[in-house]
Amino acid sequence: MFREWGRAIGHWFEERTGLAGIIAIPMAHRVPRSTASWAYVFGSATLILFVMQIATGICLALVYVPSPDQAYQSLEYLNYHAALGWYLRAVHFWGSNAMVLVMTLHMIQVFLWGAHKHPRELTWVAGVFLFLCTLGMAFTGQIMRWDQDAYWGLGIGASITSRIPYAGPALVHVLLGGPIIAARTLSRFFTLHVFVVPGLLIGLVGLHLWLVLWLGINEWPMPGRLVDRATYRKRYEEEVAKDGVAFFPDAARKDMVGMGLIILAVLLCAALFGPNGPNGVPNPTLIDTAPKPDFFFLALYALFALVPPWTEEAIILIGPVVAICLLLAVPFFAGTGEKHWRRRPIAVLGVLLIVLTVVTLATLGLVVPWSPVMDAWSSLPTPTKFVKGRTPLELQGALVLQNKQCRNCHALAGQGGQRGPALDDVATRQTTDQLIRQVLQGGGNMPAYGKNLTPAEVTALVGFLETLHPPNQRPARTAMEPATPER
Amino acid sequence: MCTGYAGVSPSKSSRRGFLFTLGLALNAAAATLVGVPVIGYILGPVRRRAAQAWISLGPLQKFPEGQTRLATYENPFRVAWDGATADIPCWVRRIDTERFQVFAINCAHLGCPVRWFAQSRLFMCPCHGGVYYEDGSRASGPPPRGLFEYAYQVRDGQLWVRGGQIPTLSEEA
C-alpha cells in the first residue's frame, strides 16, 4: 500500500513540475560502454569536492568575521569554541587541497585520453577556466586564513602585480582596495572568495557539464583510430547506438565509488590532521616570520628564487600569459589525429615534463635551500671537530664566523644555511688570498664584508677558514707557495 | 495566446515594434546607470588622492646614532576595523645627528619582511634570500634594487616619514 501512496505522491509532483522527466534525460542518456572506467572518475570527484567546499564554506561563513581586527580571533573561535568548528575548517582545508589535486588528475587524464580534441575544444577551454578559478579560490582562501602568511602573501601578490607595465600601480590599488594592506583588502578577498569566484565556478561547471552532455563523454581512445572533423560525430553516435549504456547507473557506478572514496579520504585527513592554522598573529610588526604559500603555489614561490634575476621580469609578466594561452590553444592546434597516448609521444613527454618540473620546484619550495636560516648563527653549535686543538686566533675566527651570521648561509657539518657552499672543506678549494678576497669583496652572490668586519676579525676568520679541510687533505695553495708541513 | 517570435519582430511602424525598441532602450539605460557606479566603485581605490601623509615615528632619542632600529608608524588612513594591520613597521638607520635613512620593511624583490642583523650589518630576507647592506643597497640575491626608502624629516624633536603606501617596484614608499 505504501508503495502505491508513494507512486501517487510522485505522480502528483511530476504532473505539476515535470522535474523527473528533465532529470531523466541526462541520467539515462547513452554513453559508450568504454567510458565506464576507473580512469574517468576524476571529473565527478572534482565536482563532488566542489559541492562539499560550498557546503563547508557556507558553514564557516556563519562564524568567520572578514575584518582584519577580528578575523584571526574568529578562526581561533572556530577552532576551539564553536562546536565542530575545527572539523569544518579541517574539511574545508583538506577539501581544497583535494580539489586542486583531483582536478589536476582529471586534466591530465582527459589530455592523455585525447578528450580535448574535436569536437570537445570548448569543453577543454571551459575546463582551463575552471582550473584557473579553482587556483583563484586556493589563493583567496589562503588569505581568508588571516595569519602572517596571508598578510605577507598579499605583499607578494602586490609586488608581482606592481611589475605589470603602466597599469601596475593602479592594479595594486584595485587588488588591495587601497594603497596598503588594510581592512578593505580582506573585505575584497572575502568577496572574491565567497561571491565572485564561486559564482564564476558554478556558471562554468554548468557550461562544462552541458558540453559533456551535448557532445557525449569521450570514448576510450584506440591507437590508429584518428579523429577526423568530418566523420567523428557520426562515428561516435554509431558507436553509442551500437554499444552504448545508460549513463546512470551503468557508467556512473565507478564514478559513485570514486566520489565516495575521495570524500571519505578528505574526511579522514580532516579528522586525523585537523585544520591548518591560523599560523601566527597577522601583525605586520612581528617581522620574525618566513612567509610561505600553501602547496598550490610552492612551485611558483620556488621559481622566483631560482630564475636568474634578469629573466624574472619576463617570467613573472609573460610566463603566466603564455602558459594560459598555450593551455587554451592546445585543442586548436592539436585537435585532430591520434587520440591514444601511445601514439602521442610529445603529449606524454610534455605532461611528464610539466609534472616533474612542478613537483621538483614544489619540493624545493618546502626545503627552501636559497633562504638564509635566520637563527642559524645564534642557535647552532660549532661542531667540536672544527674547534679541537685550534689556536686562540683560529678559535676567535670560529666566533667571528658564528657572530657575523655566516652560518645563516653556510653550513658546517651539515647544519646551517644552504644559500652558499658548505664550509667543511673550504680550505681545500680556496687559498688564503682567495679567502681574504672572498670575505672582503664578496661576489658569487655573497655580500662583501669589507666594511662590516675589522681587520682583526678578518685575520681571525680567515685563520679559522684555513683549518677547514679534511685531515688527510692539504689546504689549497698556489704553485708559488712552498709546500708547508701539514697542520 | 502565444503569438510566436514573428509577432514581436521589431518593425518600426507598429506599436509592438516601438514597445520592443523602448524596452531595449530602457534596459540599456538602466544597465548603464547601474554599471557605471558599480565599476567606478570597484575601481575606486585607483584614485590616489593622498595615498601618503606625514606621520611621526617617535622622538629622536629612540634612534641612537650609528644604529638601525625597528620602528612602527600607524597607517595615516586607518579605519577603525583595521586592527593590527594599521601598524606598519620600518627600519630606521640614524647615520649621525641629523641624517637618517628610513627603509621600508618590504624586500624590493617580492615584498617579504627583511630583518636587520646588527652584527654583520646586513638586512636579510627570509623568502628568497635577498641581502642588503646597512645603507639599503643591494648586496646579493634576487632583488633588482636596494631597499625602498621613505621620505623623512625631523620636526619638533621627532622623526617623521611619509607613509601610508606599500612600496613596490612601480610605486616607491
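In which helix of chain A is Pro249(A) found? Pro249(A) belongs to helix H11, residues 247-273. The legends below describe a predicted model, in which local features need pLDDT of at least 70, side-chain atom pairs count only at pLDDT 80 or more, and totals for chains, interfaces and linings use all residues. Residues are numbered from 1 along each chain as its sequence is written, while chains are lettered from A and ligands numbered from 1 in the order in which they are written.

**View 1. Cis peptide bonds in chain A.** The peptide bond from Phe248(A) to Pro249(A) is cis, with omega near 5°. Helices (H or I, at least four residues) and strands (E, at least two) are DSSP runs, numbered from the N terminus. A cis peptide bond also joins His118(A) and Pro119(A), with omega about 5°. Pro119(A) lies in the loop between helix H5 (85-112) and helix H6 (121-144).

**View 2. Positive phi values in two loops of chain A.** Leu84(A), a residue other than glycine, has a positive phi near 65°. The loop that holds Leu84(A) runs between helix H4 (71-80) and H5. Leu84(A) is exposed, with 11 other C-beta atoms within 10 Å. A residue is buried if 20 or more other C-beta atoms lie within 10 Å of its own, exposed if 12 or fewer, and partly exposed in between, with C-beta atoms placed from the backbone. Ala413(A), likewise not a glycine, has a positive phi near 50°. Ala413(A) sits in the loop between helix H16 (392-403) and helix H17 (426-429) and is partly exposed, with 15 other C-beta atoms within 10 Å.

**View 3. The open three-stranded sheet of chain B.** The strand order is E1-E11-E10, with antiparallel pairing; two strands pair if DSSP finds at least two bridges between them. Strand E1 (53-59) and strand E10 (152-155) are the edge strands, each pairing on one side only. E1(B) and strand E11 (residues 158-163) pair over six bridges. Ser56(B) stands opposite Trp160(B) in E11(B).

**View 4. The contact between chains A and B.** Chain A contributes 53 residues and chain B 49 residues; two residues are in contact if their C-beta atoms, placed from the backbone, lie within 7 Å. On the side of chain A that touches chain B, helix H7 (148-162), helix H8 (168-176), helix H12 (298-306) and helix H13 (309-333) each supply at least two residues. The largest share of that side, eight residues, comes from H7(A).
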